[in-house]
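Subject: Structure handover and notes

Hello,

Here is the structure I said I would pass on. Please open it first, then read the notes below it.

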Amino acid sequence: MIAKISSGKSTAGLIRYLYGPGRANEHTDPHLVASWDGFAPDPGRTDDTAVTRKRLVADLDLRVQQARRLGRAPKQHVWHCSVRAAPGDRILDDAEWADIARRVVAATGIAPTDDPDACRWVAVRHADDHIHIAATKVRGDLRPARHWNDYLTADRELAAIEQEYGLFQVIRGDRTAVKRPTRAEQEKAHRTGQDQPARVRLRTLVRTAAAAATNTEEFLALLTRTNGVLVEVLHFPSGEPRGYKVALEDDTNTEGEPVWFSGSTLSPDLSLPKIQSRLAAADVPAGNPNGHVQPHPWHQATAATERIPHHLDQPDAEASQAHLAALGEALDAVSLTAPPDIRTELRAAASAFERATRSRIHAEHHHARALRGAVKAMLHEPTPKNGALLAMFLDAALLAVIAAARWHDQRQHNQQTAAAHQTLLHLQAAYDRTSSGHLLAAGQHRPPQKVAVRYAQLIRQAAPAHADQILTDPATDALTTTMAAAETAGHDPGRLLQQAADERALNDARSPARTLAWRVQRLSQRPAPSRQALAAQARSTVLRPVTLPQPAAPAPPAVASRPRRR
């Protein structure tokens, strides 16, 4: 069940709406199911609806009028709460809805149980799946109603009602979610032929710009250069930027002016100070003046993503939350460079995971400098024509999102857990489409049978717990082909495979063979060690001095005293 609470100035207007036909003639059989004393007039059960409706409004407004004469009436004296059941719930009868209404007004402080001065209220039902509670916020002692945090208290009561009535239990949040588009914004998007309201489209654009930028100036410049986006930067007297507002050129109000949204209005983590704190916590790889071979940014981003499950297993919750935020930025950025055939899936994955990047746990962003910096460097590289780099990253991202879902679930972050599971659906679809062709091509160049048998022995040594699953996996041919290519390039396939297996656990991988194939391929991109380096490493392994514990020094033997000569 979901409650929606608002305030208003007109009791008559609300009652007229509740007993009217509705905006699209959706109201059927409007009638009272409960009231403050059980004897309120019901316009839905009388022949003279207009007269009875006026009587009901007068009864509800009685104390408001009394308080107004004393100058004590609140400006917005109407309290309106709609309570809606989930689509799959059974149809509740009037008695059940009446009980729910009484519990809601008691929990919120509108009409506490056994309070003779409680506010006046009525519950109106005009559909099978919901009711409306209309109340006036003046008590019998003419004091204002005490209904602070009414949404939270109503939500807690509805959670208990769901359990007692056997209804669908709604996934509840921690007040860190973004603000949803209003009904007016949704209807406006529908009228103008847009798939999403302006608020949602702008949020996506700003998040993507923040993920791509390396500093504040670049972030604001990326927004300014985005087609159809208007940007207004606010400055301190010193000239430093202190905030920003964005709007869409095609989104205007009745006066034809743009509808502006500040960053914090779009999302709690999109205010300029919070974006700046994340931009400062990024290690963007510098140039390479010495000519040393540097890892490819895609490989760096993949390696940093592969380490996320390990970070989430550590007790530092603030660091874990920072890694999840950086993973969300990585998904935002990857959708920019993705091929058109999977771009929609990746954007949907990034949009879904956005909810999993925030919780009540404060993120200490400096812990995720490596991933954030690698992602920004990745975007400054030419888009790879070979989809293997993208598939490699997506394979690591899948395991990271699975770990994120488990991390949130352990902390009872219900909305974040559901968001991570939703992300997996889109991410898996994009990964399957990206990786299938490359793995199929790799599997067509299988090594000779004698070599394949040797590789199978290496697989059993490197990953004994998963060996049977790996060797029966259709992707095993791709793994052995990757190992053969690495060996041809001068690498030790057993050493690479062991390193790939030791990097992160394979328990969450749908296909451990695929995951190992991508890891081995990424590791094999590094220069193969020379013969001299291998020989030196072998000597250091064989000749490494072994320090044995030293036995305790024996006590000196007792010496018999000699008699003195006289």
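In which helix does His-408 lie? His-408 belongs to helix α16, residues 388–410. Helices here are DSSP runs of H or I with at least four residues, strands are runs of E with at least two, and both are numbered from the N terminus.

Before the rest, two notes on the source. The model is predicted, so local features need pLDDT of at least 70 and side-chain atom pairs count only at pLDDT 80 or more, while totals for chains, interfaces and linings use all residues. Residues are numbered from 1 along each chain as its sequence is written, and side-chain values use heavy atoms, with hydrogens and water left out.

The whole protein

There are 23 helices and eight strands in the protein. Of its 566 residues, 47% count as buried. Buried means under 20% relative accessible area, exposed means over 50%, and partly exposed lies in between, with a 1.4 Å probe and protein chains only. The protein exposes about 30000 Å², and carbon and sulfur atoms supply 52% of that area; the areas come from the Shrake-Rupley method with a 1.4 Å probe. Among contacts (heavy atoms within 4.5 Å) between residues at least 6 apart in sequence, 72% join residues at least 24 apart.

His-408 counts as buried because its relative accessibility is 0%. Leaving aside residues up to four places away in sequence, His-408 touches Gln-321, Leu-324, Ala-356, His-413, Gln-416 and Thr-417. Arg-406 is also found in α16, but at 34% relative accessibility Arg-406 counts as partly exposed.

Gln-412 lies in the loop between α16 and α17 (414–443). Gln-412 has a positive phi of about 60°, although it is not a glycine. Its relative accessible area is 66%, so Gln-412 is exposed.

Asn-149 is another residue other than glycine with a positive phi, near 55°. Asn-149 sits in the loop between β5 (130–136) and α5 (150–165), and it counts as exposed at 52% relative accessibility.

Helix α22

Why is α22 described as largely enclosed by the rest of the structure? Eleven of its 13 residues are buried, so the rest of the structure largely encloses α22. Among the buried residues are Pro-512, Leu-516, Trp-518, Arg-519 and Arg-522. Helix α22 covers residues 512–524, and at 1.5 Å a residue it should span 18 Å; its end C-alpha atoms are 18 Å apart, which agrees. The expected span is 1.5 Å times one less than the number of residues.

The second largest pocket

The second largest pocket holds about 440 Å³ of space. Its lining has 22 residues, of which Asp-269, Lys-274, Arg-358, Ala-363 and His-365 lie nearest the centre. The elements that give two or more residues to this lining are α7 (198–212), α10 (272–280) and α13 (317–337). The largest share, four residues, comes from α13.

A pocket is an open set of points on a 1 Å grid over the protein atoms alone, where a 1.4 Å probe fits, with protein on both sides within 12 Å along at least five of seven lines; lining residues have an atom within 4 Å of a point. Grid points are joined across faces, edges and corners, and the volume is the space filled by probe spheres set on them.

Regards
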